[in-house]
Amino acid sequence: MEDQEILAKFRDPASRNVAFNQLVRKYQSKVYWHVRKMVLNHDDADDITQDVFIKVWNHLENFRQDASLYTWIYRIATNECLSLLKSKRRKFLLPLTDITAELTTNLEADESLAGDEIELKLQKAILTLPDKQRLVFNLRYYDEMPYEQMAEVTGTSVGALKASYHHAAKKIEAQMNTD
Amino acid sequence: MNTPFRLDEHRRRPQPPLAPPPDRYFEQLPMRVMQRVQAPETAAPAWGWLAALAAPLRTALASALVLSGFAASFLLSPAGPAASGTSDALAQVPRQELMQYLLASDQRISLTDLAELPGTAQSTPAETYLHASPDELQDLLDLQPSDEETYL
């Protein structure tokens with residue numbers, strides 16, 4: 001079902017639930033993996049994914065279609081991720097390195113990475129990036145999202161995003177080439 | 001010598017190699033989300049009338065509630081907590097110490113004053129503070145050196 005059709009059906013109270021169900025089915029995987037790459041652990045990713053769709057439900061009626069539905073949902077998911085990471089830091093009063101340590105532990109516990117030393121090292125290097133830079137890196141490197149779309153998701157200029165990705169890549173390469 | 005790592009030469013994966021979510025997670029997720037969005041709607045009728053009110057009316061109602069809360073807490077708060085606090089504090093002072101304090105200076109209380117205590121009304125401060133029976137007071141007075149000659 002196309003986004004326009006979903007939106008039209010959502011506005012009709014009789015077909016609202018069906019339309020929303022279609023929307024969740026269409027975007028759930030993208031949202032989940034976008035979130036999971038940031039928080040790494042499934043439980044946090046599950047909580048955030050559900051919260052994202054509840055926000056979508058609450059605000060979809062007022063969605064003005066300045067951006068595509070996909071970009072708008074990504075933006076909500078991005079903000080939710082950054083909020084969770086920020087609140088975790090504030091809640092535990094931990095410095096940046098400690099929340100990174102928690103994420104690294106999640107990463108090391110992940111069975112899919114067992115035995116792949118280079119990939120594990122790469123993932124650990126990505127984790128050393130500040131949250132927003134890591135987000136930019138994930139959107140570009142893994143999702144291959146165009147910079148223009150990334151600008152809509154993050155509310156940042158294309159130039160700033162290009163610079164951010166470039167710095168992130170250099171930091172990761174430097175990290176990978178140590179010892 | 002190892003070749004330096006370059007990100008654009010590294011085999012790019014579509015996703016970081018993280019473990020997949022539990023089985024049938026994506027099949028169940030839409031239903032779980034629907035349950036969560038519909039739960040507040042079924043619970044809404046009790047407060048639904050609030051949403052139907054105009055915004056200024058809601059603000060006025062909220063202000064009235066806050067003000068009546070303040071008024072109620074002011075009216076219902078117990079009066080004179082300081083007085084009862086003082087009585088409690090004095091009740092905790094040992095009787096012996098109180099006696100010594102009262103008898104230490106003529107300007108505070110005299111033996112004559114104390115001698116009159118058993119016959120005074122219940123509101124007498126010494127009786128309230130000392131919690132002593134007339135017999136106890138009389139015994140304590142008898143132990144004090146007599147100064148009757150000053151009245152002779």
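The model is predicted.

Start with the core. The largest nonpolar core holds 44 residues. Four of them touch the most other members: Val35(A), Val52(A), Ile73(A) and Ala77(A). Helix H2 of chain A, residues 16-39, supplies the largest share of this core, 10 residues. Domain 1 (1-93) and domain 2 (94-179) of chain A both contribute residues, so the core lies between them. As a general rule, nonpolar side chains in soluble globular proteins tend to be buried together.

Now take Val35(A). Leaving out residues up to four places away in sequence, Val35(A) touches Ala45(A), Ile48(A), Thr49(A), Ala77(A) and Cys81(A).

Next, the backbone. Most residues other than glycine have a negative phi. Leu40(A) is not a glycine, yet its phi is positive, about 70°. Leu40(A) sits in the loop between H2 and helix H3 (42-59) of chain A. Is Leu40(A) buried or exposed? Leu40(A) has 21 other C-beta atoms within 10 Å. The cut-off for buried is 20 or more, so Leu40(A) is buried.

Arg24(B) lies in the segment before helix H1 (25-43) of chain B. Its surroundings hold 8 C-beta neighbours inside 10 Å. Exposed means 12 or fewer, so Arg24(B) counts as exposed.

Definitions and conventions: Residues are numbered from 1 along each chain as its sequence is written. Chains are lettered from A and ligands numbered from 1 in the order in which they are written. This is a predicted model: local features need pLDDT of at least 70, side-chain atom pairs count only at pLDDT 80 or more; totals for chains, interfaces and linings use all residues. A nonpolar core is a set of buried Ala, Val, Leu, Ile, Met, Phe, Trp, Tyr and Cys residues joined through C-beta atoms within 7 Å. Helices (H or I, at least four residues) and strands (E, at least two) are DSSP runs, numbered from the N terminus. Domain bounds come from an automatic or database domain assignment. Two residues are in contact if their C-beta atoms, placed from the backbone, lie within 7 Å.
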